[in-house]
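The following explanation goes through a predicted model. Please look at the sequence and the structure before reading on.

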There are 2 protein chains.
Amino acid sequence: MIRIGIDALGGDLGVATTVPAAMNAVKNNKDIEIVLFGDEAKIKPLLTNSERISIVHTDKVMDMGEKNPMIAVRKNPDSSLCMAMKAAKEDSVDAVVTSGPTQGVVMAAHMIIRKLKQMDRVALCPIVPNYDGKPRLILDVGANVELRKEHFGEFGLYATVVAKEVLGIKDPKVGYLNIGSEPGKGRELDKEAYEYLSSFEGINFYGNIEGDQVINSPVDIILCEGYGGNICIKTLEGTAKMMGAMLKEEIKSSLGGKIGYLFMRKNLKRFASRLDAKKVGGAMIFGINKPVIKAHGNSTSDIFEGAINQAYKMVKTDIINKVVAKLPKKDEKDE
Amino acid sequence: MIRIGIDALGGDLGVATTVPAAMNAVKNNKDIEIVLFGDEAKIKPLLTNSERISIVHTDKVMDMGEKNPMIAVRKNPDSSLCMAMKAAKEDSVDAVVTSGPTQGVVMAAHMIIRKLKQMDRVALCPIVPNYDGKPRLILDVGANVELRKEHFGEFGLYATVVAKEVLGIKDPKVGYLNIGSEPGKGRELDKEAYEYLSSFEGINFYGNIEGDQVINSPVDIILCEGYGGNICIKTLEGTAKMMGAMLKEEIKSSLGGKIGYLFMRKNLKRFASRLDAKKVGGAMIFGINKPVIKAHGNSTSDIFEGAINQAYKMVKTDIINKVVAKLPKKDEKDE
């Protein structure tokens, strides 16, 4: 049995998405057992089938009024998010899935489940939808603000294992996000990272890629520091969202547009779904002792079920032990 | 008379766009005089009206086989790009417009026309189309790889003058591109920049803005260092381009799509033009002794004409002297 802990109160819709998602996940996979962390009074009316689903009661939601995520985690130990993390720490679940606030999730994973001792840093790794319909991994997109070249090595290794085992990519190509394609481009860090990754064992390094390639990427994994990665992924999401809004406006603006819409409704639906970040999966937090998936805040229940299956796959394929086996051994004194 | 120097051989289409654009610009504006730097044999057959247009002959195009832009500029002093820059340096034209390669243009402006002694750094500042149809300025997007907080002050001042005088924005709001909206977010540089800009005289500082706001921005000017700005602008352009391609594919994929297209052709055309970066104007190079506009490499002649008018406006409104008057005086010894 693979035991998934779910922050049932997280996200914009809370139990309305997490509970149906949990029921579907256990129905579709005989191998999953789920623990819902959340308000029993809210969960029970929705839980029409509790086979392999248990509840650990708490009515506290992670309070994000507190802007400093470290303080937020400290102040809310009995929130559904922190309790799910604690269960993972104590090994009563194998992975955590949540739609909670990103910085709170990263911080709670770090502070409660704790970092793998073989890794120096934790990374936030979403899946980017691409033009060719195949997902790409991009990391880090905001767990860190400053990184050294060595961190890209461990992130590249981790992402390579995930790309192979979870996404089924045979020999994942790894690129580095930069402001030019040639080796000497970018800041000192970028030049160092290029050189370091070029001779790093265990990854298939392709070279630099630029911002306009992220959505039509020649590589499967894009490495970047948290600042650049965050700007990149948010710009991509914001642009896709506003373009969708503009297209709607233009179509609605005339009778011809409205009639045309009736003919191509299915085409436009397919168009809209091609860059839907929610559909490709949740963001993963790498470098923690257990798999943690951060689903989109406004996930529907089928999207959240996808995130549960993603966590299931990470446990089933034993991602963390496979990564640890590949990472250079750290001297005990380093800790 | 305002004298604009044009790199007639630059860009993907060369004289086929630059010459008609020059003729239209002088026809539509009695105040413009143009010098075309380029191959007489190619220009003359297209130049059906040479009123207020002269030619300075050269058949050399800036060679971008050389990857290092500094070496490229040194090796090609008689390229149409470098000759236009030299004319600006010698004050025989008031501004330069080119569709040449970005890094080559920035480097040639820097090396030939030279930096304003009142500014520490040069910045590349494109205009970003936005959801509301109003243009925004974003800088720097790649002229620099490392900046200090003080540079954002001078960039903010320069962009504020341009936003007022060229774009007609009354009291331009200035934002800082960051990975969170609160003051304490980001790298050390980002925190320092926030604090520095908060109390900087002469700009209307709004605070941080995030990547997903760039295309629907609450501010008129977005400040960022060259790495983050370059990633942002390229991601935006790449996403817009690939979304356009996806929409075309989906529409063509079925008969319903093709019929629907006939009804909403105009709507889709308007949609496509809303994020067309070429239409909003060329990228400006700030911090040089003369205005320099870098138009898109694949500009059509009306787009290139727009870039000529942009340069005209910058000269007409005396941008550089207005900026210099606002910049803190530098000690002569600083040079």
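At what angle do helix H4 (residues 80-89) of chain A and helix H5 (residues 102-113) of chain A pack, and how far apart are their axes? The angle is about 35 degrees, and the axes lie 9 Å apart. The crossing in which H4(A) passes H5(A) is right-handed. On the H4(A) side, the residues that meet H5(A) are A:Leu81, A:Cys82, A:Met85, A:Lys86, A:Ala88 and A:Lys89. Their counterparts in H5(A) are A:Gly104, A:Val105, A:Ala108, A:Ala109, A:Ile112 and A:Ile113. Sorted by class, this helix contact has 9 nonpolar, 1 polar and 2 charged residues.

From this pair of helices we turn to the interface between the chains. Here 55 residues of chain B are in contact with 55 residues of chain A. The size of an interface is often given as the accessible area lost when the parts come together. For chain B and chain A the buried area is about 5,300 Å², with 68% of it on carbon and sulfur atoms. Within chain B, the residues that lose the most area to chain A are B:Ile179, B:Tyr227 and B:Met246, which together account for 14% of what that side buries.

The interface also has polar and charged pairings. Between chain B and chain A, 22 residue pairs are in polar contact, and 8 salt bridges are found across the interface. One of the salt bridges joins A:Lys234 to B:Glu210, with the closest N and O atoms 2.2 Å apart.

Which helices of chain B supply at least two residues each of the side that touches chain A? They are H7 (188-198), H8 (226-252) and H9 (255-274). The largest share, 20 residues, comes from H8(B). By class, the side of chain B that touches chain A divides into 23 nonpolar, 17 polar and 15 charged residues.

Methods. Residues numbered from 1 in each chain as written. Chains lettered and ligands numbered in written order. Predicted model: local features only at pLDDT ≥ 70, side-chain atom pairs only at ≥ 80, totals over all residues. Heavy atoms only, no water. Contact = heavy atoms within 4.5 Å. Buried area = accessible area lost by both parts, 1.4 Å probe. Salt bridge = Lys/Arg side-chain N within 4 Å of Asp/Glu carboxyl O. Polar contact = N/O pair within 3.5 Å; in protein donor to acceptor, adjacent residues only side chain to side chain. Helix = DSSP H or I, 4+ residues; strand = E, 2+ residues; numbered from the N terminus. Nonpolar A, V, L, I, M, F, W, Y, C, P; charged D, E, K, R; others polar. Axes fitted to C-alpha atoms, helices over the stretch in contact; angles between N-to-C directions. Left-handed = near helix turned anticlockwise from the far one by under 90°.
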